[in-house]
Amino acid sequence: MSDEKQAILDSACTRRAALRLGAAAIAAQSTGGFGMSQSADLCFLPAVELAKLLRAKKVSSREVLAAYLKQIERVNPKVNAIVTLVVEKAEAQAKLADESIAKGKLLGPLHGIPIAHKDLNETKGIRTTYGSRIFKDNVPDHDALIIERIRHAGAVTLGKTNTPEFGAGSQTFNEVFGRTLNPYDLTKTCGGSTGGGAVALACGMTALADGSDMGGSLRNPGSYCNVAGLRTAPGRVPKLSTTNAWATLSVDGPMARTVADLAFSLSVIAGPDPRSPISIEQPPAQFAAPLGRSFKGVRVAWFKDLGGVPFDPAIRAVIDAQRKTFEALGCIVEQAEPDFTGADEAFKTLRVLASVASRADDVHTRRSLVKDTVIWEVETGLKLTAAAISRAEVLHTQMYERFRRFFQKYDYFILPVTQVPPFDVTMPYPTEVAGVKMETYIDWMKSCYYISITGSPAASVPAGFTPEGLPVGIQIVGRHRDEWSVLQLAHAFESANASGKRRPAV
């Protein structure tokens, strides 16, 4: 068996031993100016700053990798965020980065930066399980497009981060790797489905994270782990699909510790691709520009209740306290929201339809290896009538049009990311919010998936903490395909609110 295959399939114990040896070897070869006593600080540097240090040769890629591996060894066993490590591959890539820059050649914008990838995204030669027992030993022969772009930008691959089975649900657990724990309280969930990526970022175990978002999978874990996530407009970060290339509910996007890092990452992963029929024909260079601007006189709509959606009082308290922050930025803030009639029906119908396209064969042939909520999604989707599907598409269209008209008056819409704070990690999902019973396993995420159905870009940014010390994120929604403006306001809010600087005790 090859060294790489061994690294992929080894037990967790053996991987940790290999990690210790790899970190020591890399540290011995490092030639940069940072000592290992400063390695933790190196791990928490914003990616944009780390990129500058690497380009200026003030630190080597091997030294950065050694610091990250040391942090992973120390912290990951406590939180279970990174589930597959490829130390030998990372070492070879870091060595190549150092040799290249010594010759005056930069590999790309992400030159030498360590990144772990979501386990839903295919990685060539590295195990990709989708959190499913069916694929627990799956090693793809190709990269997902988002991974392809990150690799070509010169990043160093650390491995894979945990996700719910097939990404279904905003709670990160599966039968292959178990639960990923919230670093701010190890008894709580980290959210999902990009939960492993959010925890890895919060704990300084990856510089950037890639992920996907259908009903909140970049925003929810960002909120729960005190990091930033961006749901992009459909087609901004193209996806290569073999089942429904025209789908707009699920999008790929970035997660990071800062909004500037979100934009930096987006400048790499965005851009057109002819293999995706909905990819946006706009180069991504804009996202590498400075984010600063004035918000004097900008009109901001402040949420009410999204047409009757329940919110935990602790969430409302943290978010409502930030209204004055936007006013201090110069924004004109009014309580107003679009009509969300039909958003719930449209999203749920199109979601289960997508599940039929992607997972029906697994449910039919290997039902015993598929979790109950995925089975429910598929079986619900198989019962759909043509009339129900047509109605969902009409509601989807109407929701887009109402949002478009709403944004003729307002520049942004502000609301909470989640309806509840991080909950007990042993609970698959909340069954009640503020005394209101939830009908399905996703109903507690309406504050996210109501935005998904509009197609608008939305950022999740750290906003504060509950009295129990649990993170709460605020959601900034912008006009159709206007991620740049969303990132600008998110950056301004982040600069005025220090919540994102608070690190977990773990």
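This is a predicted model: local features need pLDDT of at least 70, side-chain atom pairs count only at pLDDT 80 or more; totals for chains, interfaces and linings use all residues.
Residues are numbered from 1 along each chain as its sequence is written, and side-chain values use heavy atoms, with hydrogens and water left out.

**Stop 1: salt bridges**

Side chains of opposite charge can pair when their charged atoms come close. Here, a salt bridge is a side-chain nitrogen of Lys or Arg within 4 Å of a carboxyl oxygen of Asp or Glu. How many salt bridges does a search of the whole structure find? It finds 26.

Select R299 and E334 to see one of them: their side chains form a salt bridge at 2.7 Å, N to O. This pair joins distant parts of the chain, with R299 in strand β11 (residues 299-302) and E334 in strand β12 (residues 332-335), 35 residues apart. Strands (E, at least two residues) and helices (H or I, at least four) are DSSP runs, numbered from the N terminus.

**Stop 2: pairs inside a helix**

Now select R323 and E327, whose side chains meet in a salt bridge at 3.6 Å, N to O. Both sit in helix α12 (residues 323-328), and because they are 4 residues apart, about one helical turn separates them. R323 is partly exposed at 26% relative accessibility, and E327 is partly exposed at 40%.

Next, go to helix α15 (residues 386-409), where E401 and R405 lie 4 residues apart, about one turn of the helix. Their side chains form a salt bridge at 3.5 Å, N to O. E401 is partly exposed at 26%, and so is R405 at 44%.

**Stop 3: aromatic pairs**

Rings of Phe, Tyr and Trp (its six-membered ring) pair if their centres lie within 6.5 Å; planes under 30 degrees apart count as stacked, over 60 as edge-to-face and the rest as tilted. The count comes to 23 aromatic pairs.

Select Y224 and F423: their ring centres are 6.5 Å apart and their planes stand at 80°, so this pair is edge-to-face. Y224 is in helix α9 (residues 219-225) and F423 is in the loop between β13 (412-416) and β14 (432-433), 199 residues apart. Both Y224 and F423 are buried.

Then try F347 and Y449, a stacked pair with 4.3 Å from centre to centre and 10° between the planes. F347 belongs to helix α13 (residues 343-365) and Y449 to helix α16 (residues 446-452), 102 residues apart. F347 is buried at 0% relative accessible area, and Y449 is buried at 1%.

**Stop 4: charges over rings**

A charge sits over a ring if NZ of Lys or CZ of Arg is within 6 Å of the ring centre and within 35 degrees of the ring normal. Select R293 and F295: the charged end of R293 sits over the F295 ring, 4.1 Å from its centre. Finish with R502, which lies over the face of F465 at 3.8 Å from the ring centre.

Note on methods
Buried means under 20% relative accessible area, exposed over 50%, partly exposed in between (1.4 Å probe, protein chains only).
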